[in-house]
Amino acid sequence: MPGYAVLPFVAMLLAIAICPLWVPHWWERNRNKLLLSCSLGLPVAGFYLVQRPPALLHTLEDYLSFMLLLAALYTISGGIRLTGDLEATPLTNTAFLAVGSVLASLIGTTGASVLLIRALLETNRERSRVIHTVVFFIFLVSNIGGLLTPIGDPPLLLGYLKGVPFLWPLRLWRHWLVAVGALLVSYFVWDSIQHAREPLARLRRDRSELRPLRVEGAVNALALLGVVAAIALLHAPWREGLILGLAGVSLWLTPRRVWHANGFTAAPMVEVAVLFLGIFLTMIPALEILRARGPELSVQAPWQFFWATGLLSSFLDNAPTYLAFLALAQGLGLTNDVVGVSHEVLAAISVGAVFMGANTYVGNAPNFMIKAMVEQSGVKMPTFLGYMGYSAAILLPLFVVLTFLLF
């Protein structure tokens, strides 16, 4: 393929990164996103339909499997509602983040974020200093916590669909433990300082207005376990059939008031579906070029893959970035431990995509979603550059340490 065949893919990723900032009102409509995806993706689809139909068919199969899995996880987790108001001590907030970091790998970063953010905000509603708590929540629950399973984060799910074994991400437990542990300790110290600065009147009110945690729609937890089992044990089309059935059961059994209270709508999934349609189509020639011409690039060592994948994942969507660098690594002809690459390189690509998706609001889908939900509750979040100030001060030093320790 000629080099210019990658331009639609580049244009698609740049549009996802830039349009929410430059033309936010135009970008709000899913119809406009679909127009963008079709204008960039259909010419590529037409070319492959004529020249290489099997490649197009394989890509569409991957797209349908990917979207079905994401939609099922989004639907089932959206039927679980956690409410309550605990005393917002540093220990309580740290426990929220720790539990969320574990849940992120079990039910996905999107599911864990939606499940916990409202209860965390309710717990902290009496406090005046909560922005740092939400920022760490995005770091841990919406991104880094989802490293250990394909369900955890979209890049890992795409890797699974490309042949990475379901249990392979568990090899990254050391990366997860170092990052999550360091961030939890940092948060506890930070929140302890902020808690000591709270007005006494607010702290008294926080101790007096308590409500125990309650879970509604708990039957969906069984459905989530069923999805995990289906992904781990079955292959297409039985996997997709069971997952679709579990999503249908969730819609049938979950009380309507739970959906309403969670603000559940199909709009976020429609947005993901139309954007990833364009991404999957335009990335076909891009991935072929990277596999064929990968040795011409200078990215070869694991630490280089970690930083290259991570920095691009910070400003582009981390899922297609993961696939791009996986294809690049496959083109290098390195040790074939798993899906044509070495364990060390695949670890670097996986950790880079998942961890550095937390660097900006546009790095991973849950980031902007949590920002919007928090602002709807009345808490003013940092601007795009303000959030990057937090990530540069907190995350980048951590990633440097990870490079020396593990890459």
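In which kind of crossing, left-handed or right-handed, does α5 pass α7? The answer, taken from a predicted model, is a right-handed crossing of α5 past α7.

## The α5–α7 pair

Two packed helices are described by the angle between their axes and the distance between the axes. Helix α5, which covers residues 90-107, packs with helix α7, residues 131-140, at an angle of about 20 degrees, and the two axes lie 9 Å apart. Because that angle falls under 35 degrees, α5 counts as roughly parallel to α7.

On the α5 side the contact is made by N93, L97 and S101, which meet T133, F136, F137 and L140 of α7. Sorted by class, the contact of α5 with α7 comprises 4 nonpolar and 3 polar residues, with no charged residues.

## Nonpolar cores

In soluble globular proteins, nonpolar side chains tend to be buried together. The largest nonpolar core in this model has 119 residues, and those with the most contacts inside it are F66, F139, L183, F276, F305, L346 and F355. Leaving aside residues up to four places away in sequence, F139 touches I144, L183, A358, Y387, Y390, S391, I394 and L395.

## G111 in helix α6

G111 is found in helix α6, which spans residues 109-123. With a relative accessible area of 4%, G111 is buried, because buried means under 20% on this scale. The C-alpha atom of G111 is separated by 19 Å from that of T94, a residue 17 residues apart from G111 along the chain.

Conventions
Residues numbered from 1 in each chain as written. Predicted model: local features only at pLDDT ≥ 70, side-chain atom pairs only at ≥ 80, totals over all residues. Heavy atoms only, no water. Core = buried A, V, L, I, M, F, W, Y, C linked by side-chain atoms within 4.5 Å. Buried < 20%, exposed > 50% of the residue type's maximum accessible area, 1.4 Å probe, protein only. Contact = heavy atoms within 4.5 Å. Axes fitted to C-alpha atoms, helices over the stretch in contact; angles between N-to-C directions. Helix = DSSP H or I, 4+ residues; strand = E, 2+ residues; numbered from the N terminus. Parallel < 35°, antiparallel > 145°, perpendicular 65-115°, else oblique. Left-handed = near helix turned anticlockwise from the far one by under 90°. Nonpolar A, V, L, I, M, F, W, Y, C, P; charged D, E, K, R; others polar.
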